[in-house]
Amino acid sequence: MAILTTGFVLSSFNQSSVKAQDHSKKGIVGEHTPGYNLLETVGDVLDPISFNSAEKAIIDPMHYLREFNYGRVSTLSDGVVLREFTLIASDNKVKEISPGIFYNVWTFNGTIPGPTLRATEGDLIRINFINNGSKFHSIHTHGIHKAEMDGVFEGIAPGGKFTYEFIAQPFGVFPYHCHMQPLEEHISHGLYGVYIVDPKTPRPPADEMVMVMNGYDTDFDTENNFYTVNGIPYYYMEHPIQIEQDRLVRVYLVNMLEFDPINNFHLHANMYQLYRSGTNLVPDEYTDMVTMSQGERGILEFKYKFPGQYMFHAHKTEFAEKGWMGLFFVKDSKAPQSNSDDVNDNNTTTSIVYSQNRSKFNLEEVSK
Amino acid sequence: MEKEERSIYRHISGKKLIAFAIIPFVVLTAMILFLFSPIGQSFLNSGVPMPEVTIEKIEFQEGRIVAFIRNTGPVDITIAQADINDRIHLAAIEPSRSLPRLTEAQVIIPFPWNPAEPYEVGITTSDGVRFSKNVEAAAQVLTPNVEQVLLFAIIGAYVGIIPIMIGLLWYPFIRRLNTNKYNFFLSLTAGLLVLLGIDAVLESNEIISENVAAIFNGQVLIVMVVIVSFLVLLYASETLTQRAAKKSVSANYSTSSLSSSASTTSQQQQELIKPLAISLMIAIGIGLHNFGEGLAISAAVLLGKAALGTFLIVGFTLHNTTEGLAIVAPIAKSGKVMIRKLIVMGFIAGAPTIAGAWIGGFLYSPLAAVIFLSVGAGAIFQVVYSITSWISHTSSRNRKSLINASTIAGFAIGMLIMYTTGLLI
C-alpha cells in the first residue's frame, strides 16, 4: 500500500497544480503510481478524482466531516433536554457522485450521507420528518425506543409528515436510515446518516469527525461501481484531512455499504483504540484495521506521533481502487506557530511548490 | 396494346416526370420533419432510450492501453471515467468526452500492463452505466517497421503462395486422367471450396458478433456482401468468357478462309477459354479468401497466440495446397500446356495473403475484415457454381449425368479434406 500512497499523494498534488496552471480541459494525464507513463492529450482528461465544479456534487465531504447537528435545544419542565431535528426525504434529484457521474440520489436533507444528529444520553429526541419524495419513506434509528418509533411499519406517504420521539439511549454511535421496502433500493440510493449519543460524562476532548463508508451501484447490477468515505470517491485524496501532531483524533465510523458483505478501515503508520458500537468507555481492541458488515460501526481514537501525509482506506483493495481511500495531513506542531488559517495556507503553499517541481519533472518526461 | 401504352406515356413531359419522381421524397421529408417536431415527439416519447458504447478494439501500447470506442446507442453520451479490470484509472479521451451518435473516440489509459495476461477495459458514461470488453492476452501492438513488414510477408508467402504453387504441381497428373477421374477431382475442388466459403461466412459472423456493434446489422451485412459479390463475379466471369470467345472467333475469321474450319476452331477455343476463365475466377476467389486468412494469421500473432502461430502456419500451408489443386483442375484437360498462366494465377490466389497479413497486423478493423471475408465467400460460391456448370458441361458432352458416383464422392471427399486440414488450424 505504501507505493500506492506515495503515488496518490504525488498525483493529487500534480492534479491540482495542472489545474492551477491551466483551466482548459486539455491536460496532462499522469498516473496514480510512480512508474506509470505520463501523457499529454489534446482531448479531455477522464479524471476520477477532481470535480470541475462542486455545485452539482452530492455533498461537501470536508464540511460534512466535522459537522454535528445538536438540534434546536430546549429544556422541558422536568429538566429533560429536548432536541428537535428536521429531516426531509427526497428521491427525485440527480447529483454528481463522482467526477462526471450523475446518479439519481435519494437523500435526507439533500446529501449523502444525511446530517449527523448528536445528543447526550437521556435527552428527548424529536425528529420532524417530511417526505418530499415520490415514494413511501421512513426513518429507522438504531438504539432503544418504542415499536411505533422504529420507522418500519409506518411508512410515510409522499407529501406526508411524521414526528419521531424517543429518549437518546444508550450512548454510542448509530446509523439511521429509511426502512421502506425494497430496503436495498432505499439504502443503496442514499437514505442514511449517523446519529451519535454522547455519554453523560463526555469523552475526553478530541478532534472529532464522522466517517460513513458507502458505495454507489450506478448501473443497477447489484454491484457497487464506486466506494467512498463520506459520499464522494477519492475526495480526501485531493483534499487531505488536516489534523495536528499529538492531538487526539476521534472518528465516529459507520458502515452503510450495500451489496458487499464487508467493508473495512485501515489506518497507515498508526494504531487506534477501537470502541465497537461506541457503547462502552473501555476500548475493545488496539489495531490499525477493523472490518464491519453493513450497519456496524465504532469509535476510533488515535494520535499521530510524526507529521506528514498518512493514508487511510479500505483494506479490501478493490474498494480502495474504486474510491474508498483518503489522507490525513498531520501538521508539524514544532513548525513555526501562526494562527490556524495561516497553517492551512502554509500547507497549501508547500504542496503547490512540491507539485510545481513535480509537474516540471512530468513535463520534462513528456518532452523526452 | 403496347403502342397505346407508349402513346400515353409520351404525353408526359420531362418536367412532369421529374416531379413524379420527387413527390414521394417531399412527402417522406414532411413526415420525418413532423416526427421530429415537438408534436411528433410528444406522442412518440414513450420508453427510455438506453445509451450504448461499443469498445471496438483494444490496443496495448508501451505503458498504456488504448480503447477505441463508439457511441452505438440512440442518444448522445458523455464518457465520465475509465477502468482496467474494474479498477478506476485516470485516463485521457480523444478527441472529446462527449460522443454524439455513432461517433468514435480513443480512451488512453496509462497502465503498466503485462504481456499475455488477460485484461478487461471498462468505460463508464455520465449516467453511471459501465461498458466493458475483455482481451484474452495482452500483446504489444505492432508498429510497421521493416522487420515486421518482412516477417508478415514471409508468413504470407509461406501460407499463401508456396502451398498453392505446390498444389499446381498436380497439373501434369490431372492432365492424364480420364473424364471420370477428372470429374472426381473437379468435384473434389467444389467440395473443398464450399466448405471454405461456409467457413468464411461463419468466421465473419464470429467477428461481427464479438467486435461490431449490433447497430451495424452485422449478419445482414454478411449476407448482402456475399450475395452481391457472388452476382458481380458471376457477371464478370460470364462477360470475360464471352468477350474472349468473340475475340478468338473474329481472329479466326481473319486468318481462315474456310468458314467450316473456323467454326471448329472457335469451338476448340471455347473449350480452352471457358476453363481458363473458371481457373482465373477460382484464383481470384481464393485470393480474396486468402486475404482473410492473412488477416486471421496476423490477428493470431497479435493476440499473443505465439505457440499457436507455428501450428497455424503449418495448418494453413497444408490446407492451401488443396487450393492449388482447385486452380489446376478446370484447365488441366484443355489441351494447351499453360505453365506461365498457372504461375500467374498462383500469385493471384496466394499474394493477397501477404496483403492481408500486413493489414491485419498493422491496421486491423473488424468491420473491414468481415467485408473482405464475405467478399471472399461470395467469390468462392461463384467459383463453385462455375465448376459445377463446367462439370455438367463435360458430363453432358460424354452423355453422363452431373450426379454420378465420381462427382458425389469427389464433392464429399473434398469437404472432408478441407475439414480435416482445417482441424490443424
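Two strands are taken to pair if DSSP finds at least two bridges between them. In this predicted model, three bridges join strand β3 (residues 44-46) of chain A to β5(B), and these two strands run antiparallel. Within this pairing, Val45(A) stands opposite Ala92(B), which lies in β5(B).

The contact between the chains takes 26 residues from chain B and 28 residues from chain A. On the side of chain B that touches chain A, the elements that give two or more residues are β3 (77-84), β4 (87-89), β5 (91-94) and β7 (104-110) of chain B, and the largest share, five residues, comes from β3(B). Divided by class, the residues on this side of chain B are 13 nonpolar, seven polar and six charged.

Turning to chain B itself, one finds 13 helices and nine strands, and of its 425 residues 41% count as buried. Among the contacts in chain B between residues at least 6 apart in sequence, 79% join residues at least 24 apart.

One helix pair can be followed in detail. Helix α4 (residues 146-168) of chain B packs with helix α11 (residues 352-362) of chain B at an angle of about 140°, their axes being 8 Å apart. Since angles over 145 degrees would be needed for roughly antiparallel, α4(B) and α11(B) are therefore oblique to each other. The residues that make this contact include Phe152(B) and Gly156(B) of α4(B), and Ala357(B) and Trp358(B) of α11(B); by class, the contact has ten nonpolar, five polar and no charged residues.

Definitions and conventions. Residues numbered from 1 in each chain as written. Chains lettered and ligands numbered in written order. Predicted model: local features only at pLDDT ≥ 70, side-chain atom pairs only at ≥ 80, totals over all residues. Axes fitted to C-alpha atoms, helices over the stretch in contact; angles between N-to-C directions. Helix = DSSP H or I, 4+ residues; strand = E, 2+ residues; numbered from the N terminus. Parallel < 35°, antiparallel > 145°, perpendicular 65-115°, else oblique. Contact = placed C-beta atoms within 7 Å. Nonpolar A, V, L, I, M, F, W, Y, C, P; charged D, E, K, R; others polar. Buried ≥ 20, exposed ≤ 12 C-beta atoms within 10 Å, placed from the backbone.
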